Amino acid sequence: MSLTLPQGMQITGAIEPGFDSILTLPALELVAKLHRAFEPRRQQLLAARVERAKRLDAGERPDFLPETKAVREGHWTIAPLPKALECRRVEITGPVDAKMVINAFNSGADSYMTDFEDSNSPKWHNQIQGQINLFKAIRRTLTLGQAGKTYKLNDKIATLQVRPRGWHLDEKHVTVDGQRVSGGIFDFALFLFHNAKEQIARGAGPFFYLPKMESHLEARLWNDIFVMAQNEIGLPQGTIKATVLIETILAAFEMDEILYELREHSAGLNAGRWDYIFSCIKKFKNDRDFCLADRKQVTMTSPFMRAYALLLLKTCHKRGAPAIGGMSALIPIKNDPEKNAVAMAGIIKDKRRDANDGYDGGWVAHPGLVDVAMKEFVDVLGDKPNQISRQKKYTHIEAEHLLEFKPEGPITEAGLRMNINVGIYYLAAWLAGNGCVPIYNLMEDAATAEISRSQVWQWIRSPKGVLEDGRKVTETMVRAMVAEELQGIKDAGYEGSTVDRAAEIFEQMSTSEDFTEFLTLPLYEEGSF
Ligand SMILES: CC(=O)SCCNC(=O)CCNC(=O)[C@H](O)C(C)(C)COP(=O)(O)OP(=O)(O)OC[C@H]1O[C@@H](n2cnc3c(N)ncnc32)[C@H](O)[C@@H]1OP(=O)(O)O
Ligand SMILES: O=CC(=O)O
Ligand SMILES: [Mg+2]
């Protein structure tokens, strides 16, 4: 099948049946227009990340920006929220395949964040089929017959929000004037073009979640894209609404500024805890004093995580913006009621803490968690849609609290092996086209896998990377464990064909001198993508 493309655009991805309904000329013209207008700035901002990282490697510590003090101290709020985004007590998230889309819309959650990002492996098929699934779901025509079950949408469904890819990712199958387009702009523009007006007609709107930003200038870029896109397709300015994930340590120092940049388009902030932990490891990887304990010891009550969560909450409510909590990795455990009860108790504790702190809602990974999480928010909110205007005594947070990186121990052999094992499993799934998997009864996605592999890299290099039995974590130790864990995965019956390559990449990434900025960057260059 051949497509009519805008001048200067090339598409190398296979055009499967139905893809032409998304890859239409006017939709691609919007992609090309946004690319030409904003790609130089995206590249400048990515280069600025590299420069900042060099300064951090040299010992600079982040702080609140002197040049934006007036924004932090000024009296302003974000624009009023549309009705459809007032009540977000429980938001379910998940990748864009048809069954997930239908189940998430039907889950009983207030909102559904459909994910082209952390939980999605960005194969060309997944990206375009995902857009088709959303196009049909919005028009209530998405159905599926699978395993003797018929899937269709209920009359009442969750409010949709869409998470495009982060600034670092390209869409390599689409070039304009010989340059790859931004994955984020591609996902955003196609969704907006096809669905914005339909969503508005149905009482919702074009609502987005924006991932992995590191500065308010990156938020300004999204805002400028929104302004141009609204003009291009004839939407009133301010129609698009976006919630920003605060999931990098640097963005935590610019929360006010990020809300300010997007104030006409803002729908608040979300505490993306997993990427946040990863970002802390990445940004302080060369600091001899920085070294976090086993992954499972780093929780929302660890000092630096608690400070971040409380600052996000306070910042949002001061600006009339929703504060949405992140996701516990716990998921329902089938066929083991005792373990399942422990997992549910973990979810309750997590959501209860967020609701009592003052959060307006929080994320869940699985439909089986919606009711449990909902109860915790309803217990606190009663019949109110949110608690933005509730008068609370918010904790004062300083830079030093955000940088209190504890716990530092214990680091255990079991923790090291778990990082390696889960890392190999996850990379194998990602290479096979699945970006979110249950591993040892936890949700694993790109962000949790980033923690695993970056901890291994850092423990090898940090003088504090010492196991509790006194052995230093070394490259030789890790190489041996990669081989053993790979064998263990195979012995346990893993049949996927990508697991050897996954182990190879994991080993290379954790032992190479240079730290790989995002694990998805080299993975995306694999031939199968
Ligand atoms: C760090 C971050 O970025 S967090 C955000 C990104 N992460 C996510 O979005 C997590 C999404 N969650 C998932 O992908 C899944 O829940 C997993 C992979 C963790 C677990 O999946 P499974 O083992 O397949 O779950 P399980 O078998 O219990 O699923 C039961 C049913 O719930 C459905 N389901 C599970 N999770 C979801 C979800 N998030 N959305 C919609 N439906 C879901 C399954 O499709 C299945 O449906 P069926 O009964 O009709 O067949
Ligand atoms: O995207 C969410 C996160 O925790 O990372
Ligand atoms: Mg994330």
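This short talk goes through a UniProt-annotated active site, a pair of helices and one further helix.

Hi everyone! What we have here is a predicted model, where local features need pLDDT of at least 70 and side-chain atom pairs count only at pLDDT 80 or more, while totals for chains, interfaces and linings use all residues. Residues are numbered from 1 along each chain as its sequence is written, and chains are lettered from A and ligands numbered from 1 in the order in which they are written.

Let's start with the active site. An unreviewed UniProt entry gives that annotation to Arg163 and Asp445; such annotations may be inferred rather than shown by experiment, and their positions are in the numbering used here, with feature names shortened.

Where does each one sit? Arginine 163 belongs to strand 6, residues 159–163, and aspartate 445 is in the loop between strand 15 (442–444) and helix 15 (446–461). Helices (H or I, at least four residues) and strands (E, at least two) are DSSP runs, numbered from the N terminus.

Are they buried or exposed? Arginine 163 counts as buried, with 26 C-beta neighbours inside 10 Å, and aspartate 445 is buried too, with 27 other C-beta atoms within 10 Å. Buried means 20 or more other C-beta atoms within 10 Å of a residue's own, exposed means 12 or fewer, and partly exposed is in between, with C-beta atoms placed from the backbone.

Leaving aside residues up to four places away in sequence, aspartate 445 touches Asp118, Ser119, Gly435 and Cys436. The contacts of arginine 163, beyond its neighbours within four places, include Asp115, Glu117 and Tyr209. Contact here means C-beta atoms, placed from the backbone, within 7 Å.

Next, the helix pair. The axes of helix 1 (residues 25–57) and helix 6 (residues 216–233) come within 11 Å and cross at roughly 165 degrees. Axes are lines fitted to C-alpha atoms, for helices over the stretch in contact, and angles run from 0 to 180 degrees between N-to-C directions. Among the residues meeting there are Leu30 and Phe38 in helix 1, and Leu221 and Met228 in helix 6.

Finally, helix 11, residues 337–357. Its buried residues include Ala343, Ile347 and Asp350, and among the elements covering them are helix 10 (303–318) and helix 12 (370–381). After helix 11 comes glycine 358, with a positive phi near 130 degrees.

Terms used: Contact = placed C-beta atoms within 7 Å.
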